[in-house]
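Biologist: I would like to learn how to read helix packing and chain contacts in a model of this kind. Could you take me through the features one at a time, with the general idea ahead of each case?

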Number of protein chains: 8
Amino acid sequence: MKALVSIIMGSTSDLGVMEKAAKFFDEMEIPFEINALSAHRTPEEVEKFAKGAKDRGIKVIIAGAGMAAHLPGVIAAMTPIPVIGVPINASLDGMDALLAIVQMPPGIPVATVGINGALNAGILAAQMIATGDKELMEKTIAYKASLKQKIVKANQDLSEISFKFRVKS
Amino acid sequence: MKALVSIIMGSTSDLGVMEKAAKFFDEMEIPFEINALSAHRTPEEVEKFAKGAKDRGIKVIIAGAGMAAHLPGVIAAMTPIPVIGVPINASLDGMDALLAIVQMPPGIPVATVGINGALNAGILAAQMIATGDKELMEKTIAYKASLKQKIVKANQDLSEISFKFRVKS
Amino acid sequence: MKALVSIIMGSTSDLGVMEKAAKFFDEMEIPFEINALSAHRTPEEVEKFAKGAKDRGIKVIIAGAGMAAHLPGVIAAMTPIPVIGVPINASLDGMDALLAIVQMPPGIPVATVGINGALNAGILAAQMIATGDKELMEKTIAYKASLKQKIVKANQDLSEISFKFRVKS
Amino acid sequence: MKALVSIIMGSTSDLGVMEKAAKFFDEMEIPFEINALSAHRTPEEVEKFAKGAKDRGIKVIIAGAGMAAHLPGVIAAMTPIPVIGVPINASLDGMDALLAIVQMPPGIPVATVGINGALNAGILAAQMIATGDKELMEKTIAYKASLKQKIVKANQDLSEISFKFRVKS
Amino acid sequence: MKALVSIIMGSTSDLGVMEKAAKFFDEMEIPFEINALSAHRTPEEVEKFAKGAKDRGIKVIIAGAGMAAHLPGVIAAMTPIPVIGVPINASLDGMDALLAIVQMPPGIPVATVGINGALNAGILAAQMIATGDKELMEKTIAYKASLKQKIVKANQDLSEISFKFRVKS
Amino acid sequence: MKALVSIIMGSTSDLGVMEKAAKFFDEMEIPFEINALSAHRTPEEVEKFAKGAKDRGIKVIIAGAGMAAHLPGVIAAMTPIPVIGVPINASLDGMDALLAIVQMPPGIPVATVGINGALNAGILAAQMIATGDKELMEKTIAYKASLKQKIVKANQDLSEISFKFRVKS
Amino acid sequence: MKALVSIIMGSTSDLGVMEKAAKFFDEMEIPFEINALSAHRTPEEVEKFAKGAKDRGIKVIIAGAGMAAHLPGVIAAMTPIPVIGVPINASLDGMDALLAIVQMPPGIPVATVGINGALNAGILAAQMIATGDKELMEKTIAYKASLKQKIVKANQDLSEISFKFRVKS
Amino acid sequence: MKALVSIIMGSTSDLGVMEKAAKFFDEMEIPFEINALSAHRTPEEVEKFAKGAKDRGIKVIIAGAGMAAHLPGVIAAMTPIPVIGVPINASLDGMDALLAIVQMPPGIPVATVGINGALNAGILAAQMIATGDKELMEKTIAYKASLKQKIVKANQDLSEISFKFRVKS
């Protein structure tokens with residue numbers, strides 16, 4: 001089994017957020033790696049990781065970081081494969097991390113998801129790989145359909161709350 | 001020739017920003033479509049477009065919009081292929097568009113780039129397709145290398161400015 | 001009994017906020033519906049709902065959503081009846097939801113109330129319907145008068161707190 | 001002819017924005033008033049205006065103001081008819097006016113539209129009145145349909161721009 | 001005993017903040033009133049209060065309010081005596097209240113203090129009255145001197161914390 | 001003639017804003033000083049100025065500054081007379097100056113007006129002194145009345161604009 | 001033993017943040033002072049402290065403050081030695097303190113670190129002194145190397161978490 | 001002549017801002033280097049530069065960058081010498097660059113100056129080196145004294161503006 005996606009986080013304190021992507025890959029049966037590497041404290045390891053990812057078969061990298069979140073951009077600068085950035089809320093409601101990830105200069109995009117949005121990062125990674133993988137495309141379609149079931153179910157629960165002037169539609 | 005990427009904008013007033021993606025595809029020889037469709041004024045057309053995109057062979061959609069920018073998210077809700085969102089600066093320095101695009105709920109990611117970042121959206125689309133297309137991967141690598149030449153050249157120009165206490169390194 | 005107002009929320013986790021509107025309608029004896037529908041996870045249901053609302057006799061729609069809150073705008077795009085948007089504080093103190101709801105493009109207004117302001121959404125809906133309904137106008141006037149009593153009462157409580165240099169006016 | 005809507009602005013310097021609502025009413029043949037009244041400089045006139053509006057037959061009030069924009073809320077406090085607030089960008093990109101209008105306390109809603117969104121305020125007023133006026137409902141539906149034509153036309157213009165790798169869809 | 005200062009709050013839920021001003025006046029032996037009046041729910045009472053204040057001998061009004069905080073500005077519009085505004089943090093960290101109070105249009109100033117800064121509002125009121133009252137000026141000077149003692153004392157406590165490489169200066 | 005108010009600005013580049021206060025004092029015939037002193041570049045002069053102001057007969061100080069605007073707070077720390085702070089828009093739309101002036105710690109208030117609000121600072125200074133000066137109170141009342149005339153006049157101009165469906169009220 | 005660095009805080013309530021710098025100096029065996037001095041409540045002490053620091057042998061000053069944080073800038077105005085500013089989160093998520101410290105006017109820099117970043121202030125002080133002190137340079141290099149070990153260790157812990165589709169890299 | 005300071009900018013479009021530091025060094029006769037290197041487009045050159053700086057005799061690095069400004073932090077991660085970060089206003093009034101530079105994680109400080117504050121970065125670099133260089137300390141003290149002359153001169157110009165009620169102090 002060879003990993004298709006690599007999840008990187010700037011600090012193990014981000015694990016509570018980032019494991020949502022890992023659990024999604026478990027559910028979708030997509031092999032992945034997960035590691036902690038810091039753009040600032042282990043720059044050599046980040047470089048070695050980023051430059052080797054494509055040749056090890058990694059298709060997409062998901063990088064989560066908080067505060068002045070440089071990790072996604074720094075990795076994106078050193079690999080041709082797409083990098084998904086997850087802003088972690090570690091200060092200022094996550095606004096610092098969001099801007100430090102999304103506002104990349106021309107030439108080096110980072111595909112940014114919402115603050116603490118690691119599940120969406122996982123789904124987006126699957127969608128990217130599915131552009132060239134029919135089987136995964138089918139799984140992605142099935143996953144999206146399942147989301148609909150959850151809200152239909154939630155609406156049924158809601159329909160049991162009673163209000164005097166409520167009309168059931 | 002069949003389009004691989006579809007560029008959508010909420011209003012033709014966004015063309016000045018969005019054509020940067022179109023020019024990138026011309027340069028990279030990636031066939032694409034470009035259209036104006038409004039999530040709010042032509043919802044049926046948006047639905048028809050989004051639901052048919054995958055079967056017409058589109059691999060990635062790039063959607064740009066300003067203000068309460070719903071277009072990227074609305075399209076992402078109706079297709080399994082990845083959607084890249086470009087926040088357009090039409091008010092509040094583009095902060096409203098950025099938040100309205102990036103802060104998607106769990107289940108429906110939009111791969112967001114920086115404010116007015118249509119060139120980066122184009123590059124990201126190429127990177128996504130290249131995960132399953134070796135030839136495009138080679139082109140993407142070559143493109144990224146060319147960026148380096150530009151800054152090396154810029155640094156040479158800079159080296160000709162003279163200051164009394166400047167030391168050339 | 002036919003519903004005059006329809007309350008929609010993007011997720012049942014918004015019920016704690018949105019039920020303030022429901023309770024107001026119970027108090028005012030205005031028949032209403034309440035449902036959970038997601039702009040992103042059940043777009044077809046949203047479309048069916050929005051397009052059918054007017055003909056089922058709905059006069060006003062109240063839609064609450066958080067984060068990149070598209071639900072109110074998406075509904076407004078598909079119905080001629082007025083839509084009231086309630087920004088839910090699910091992240092960034094609700095600022096993302098506020099901007100994603102209020103900053104609608106020309107042509108498709110959403111009548112936006114304050115963050116988590118579902119009670120005000122209910123009152124506003126009553127005021128809108130009362131423009132063509134004399135009986136409801138009387139009720140609305142009575143409700144507004146009752147608000148005054150509450151603050152007069154509160155001021156009486158306050159008048160019992162004693163400070164040494166306080167002068168009763 | 002009796003006015004159905006009253007447009008109020010805090011300062012005549014807001015006319016450039018607020019006249020978009022007036023022109024919409026001219027186009028829709030909805031009789032309206034337009035006046036400048038300041039919550040801070042002419043509070044008595046504001047009070048007289050707000051308290052008399054309903055009995056003069058006004059159905060909806062549109063109030064535009066910038067900076068610490070109190071006018072819409074102050075009027076809403078003194079009338080049972082719905083008040084639409086238009087935040088004017090006079091400082092801080094209009095963010096001060098937006099918050100000063102939309103964040104009303106429980107009991108006194110202001111139906112807020114986007115920054116400088118006077119056209120949307122006009123449309124929203126028409127939608128409110130149309131809840132009790134079938135003829136206006138028809139006009140509103142026709143107006144919304146006309147918006148669609150504009151973007152369809154814009155897309156045709158866009159379809160004439162040529163790119164080498166563009167594919168017409 | 002006749003009140004020199006009047007403390008007004010928009011809601012009795014603001015009492016926890018506003019009583020800091022009341023306690024300061026008790027300490028300084030400055031007679032004051034304290035009441036709850038809402039710009040939006042009791043506009044007539046506010047008007048009566050504001051217009052009568054000067055003739056009842058009130059020298060300064062302190063008004064605290066949260067959210068779209070109109071109370072200080074509305075009072076300032078109806079009295080020639082200075083009004084001090086206290087933004088209350090009820091949402092958005094108090095930023096909405098701050099902007100809705102401080103950004104007054106030309107002609108109607110509100111002397112704004114920091115978010116939840118009711119103690120400072122009390123001190124500022126004393127300073128204003130002291131411009132025409134020598135005895136109060138002396139008290140104000142004494143009060144300011146007492147603040148210095150507190151931080152000198154705090155520094156002594158700090159000097160007892162021991163660190164290995166600390167040098168006492 | 002002895003100055004009652006002292007206007008201080010952090011840099012002569014702020015004169016365009018601050019002279020609005022000076023012109024107001026000329027109009028009101030209130031003697032004043034106007035000087036440039038920098039909290040950061042001439043701290044000794046600021047100290048000498050602040051400590052001597054009261055004994056030279058100054059009743060109120062108006063201090064304008066931009067960016068990390070320390071001048072009003074630094075002066076307030078060294079005098080018992082009230083200090084009015086004017087945030088100057090020199091960067092970040094003036095938000096940095098506003099926060100650096102208004103968010104003073106407990107004990108040292110600065111009476112803050114809106115961004116670039118020097119005219120309001122002048123009016124506020126007059127109101128403060130008028131708490132102990134009946135003649136100035138009369139002038140202040142007259143000035144406030146004149147503001148009303150301006151908007152009444154503006155409304156007359158507005159009444160001459162013709163719209164097809166306008167109704168004159 | 002003579003202190004090389006002086007830590008100043010605006011209030012002893014900031015000690016929980018500022019002691020991170022003190023502990024760093026203990027670990028690095030760099031002699032330091034630590035005191036509470038308020039720019040607003042004890043301006044004379046601040047002046048005496050700032051003007052005497054260089055001659056007592058202090059090489060760098062670290063000043064922490066919250067809200068309208070003037071302390072670092074006020075000290076920087078009165079000494080030629082570098083001043084490091086630590087914005088303390090006491091309100092508005094620390095954004096007010098950050099802007100009030102970092103946005104200094106031309107001529108008087110404050111070396112600003114992140115919100116509550118007292119450890120980084122300590123490291124930065126060591127780096128500054130190390131520009132002229134070889135032994136301290138060696139210690140600084142060793143300290144930075146130790147940071148790498150922590151994240152390598154954290155990554156090992158992470159490697160023990162098991163996911164079904166995880167691939168170890 | 002060997003460079004003591006190295007100025008780095010992320011793009012030559014930042015030269016208009018960054019040359020203020022260069023001119024300061026010319027004026028102070030401090031030898032320096034100036035180059036353009038991009039954290040994202042030339043990561044290898046940045047690494048080589050950062051790792052070699054100390055051994056080439058560089059004492060301080062000044063790095064300016066806009067948007068998601070990673071350059072200062074990336075360099076700080078690879079050198080023990082102090083790094084000064086200059087946020088460049090290229091979007092969002094420079095707020096993105098400020099947060100992306102100042103909010104560094106524990107262990108890797110960047111000494112941040114104000115938005116576009118390259119002159120202050122130059123002065124701060126001189127102050128840092130002066131901690132171990134007496135001659136430069138003297139120059140720094142002289143430079144700071146010269147700033148005072150400029151504002152004293154500006155105040156003299158201001159003293160010539162005449163107002164009717166101005167009193168010269």
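Biologist: At what angle do the axes of helix α5 and helix α6 of chain F cross?

Modeller: Two packed helices are described by the angle between their axes and the distance between the axes. Here helix α5 (residues 118-130) of chain F and helix α6 (residues 134-158) of chain F cross at roughly 145°, and their axes come within 8 Å. Axes are lines fitted to C-alpha atoms, for helices over the stretch in contact, with angles that run from 0 to 180 degrees between N-to-C directions, while helices are DSSP runs (H or I, at least four residues) numbered from the N terminus. The crossing of α5(F) with α6(F) is left-handed, a term used if the near helix is turned anticlockwise from the far one by less than a right angle, clockwise being right-handed.

Biologist: Which residues make the contact between α5(F) and α6(F)?

Modeller: On α5(F) they are Leu119(F), Ile123(F), Ala126(F), Gln127(F), Ile129(F) and Ala130(F), and on α6(F) they are Leu136(F), Met137(F), Thr140(F), Tyr143(F) and Lys144(F), where contact means heavy atoms within 4.5 Å. By class, the contact of α5(F) with α6(F) has 8 nonpolar, 2 polar and 1 charged residues; Ala, Val, Leu, Ile, Met, Phe, Trp, Tyr, Cys and Pro count as nonpolar, Asp, Glu, Lys and Arg as charged, and the others, Gly among them, as polar.

Biologist: How should I treat the numbering and the confidence of the model?

Modeller: This is a predicted model, in which local features need pLDDT of at least 70 and side-chain atom pairs count only at pLDDT 80 or more, whereas totals for chains, interfaces and linings use all residues. Residues are numbered from 1 along each chain as its sequence is written, chains are lettered from A and ligands numbered from 1 in the order in which they are written, and side-chain values use heavy atoms, with hydrogens and water left out.

Biologist: Where do Glu19(A) and Lys23(A) lie?

Modeller: Both lie in helix α1 (residues 15-28) of chain A, 4 residues apart, which is about one turn of the helix. Glu19(A) and Lys23(A) form a salt bridge (a side-chain nitrogen of Lys or Arg within 4 Å of a carboxyl oxygen of Asp or Glu), with the closest N and O atoms 3.6 Å apart. Over all chains, the whole structure has 56 salt bridges.

Biologist: How is the crossing of α1(A) and α5(A) handed?

Modeller: That crossing is right-handed, and the axes of α1(A) and helix α5 (residues 118-130) of chain A come within 7 Å and cross at roughly 40°. The residues in contact include Phe24(A) and Phe25(A) of α1(A) and Gly122(A) and Ile123(A) of α5(A). By class, this contact has 10 nonpolar, 1 polar and 1 charged residues.

Biologist: How many residues of chain B are in contact with chain A?

Modeller: 39 residues of chain B are in contact with 39 residues of chain A, and 100% of the interface residues of chain B are also interface residues in chain A, so the copies meet through the same surface. The two chains bury about 3100 Å² between them, 65% of it on carbon and sulfur atoms; buried area is the accessible area (1.4 Å probe) that two parts lose on being put together, summed over both. Across this interface of chain B and chain A there are 0 salt bridges.

How values were computed:
Helices (H or I, at least four residues) and strands (E, at least two) are DSSP runs, numbered from the N terminus.
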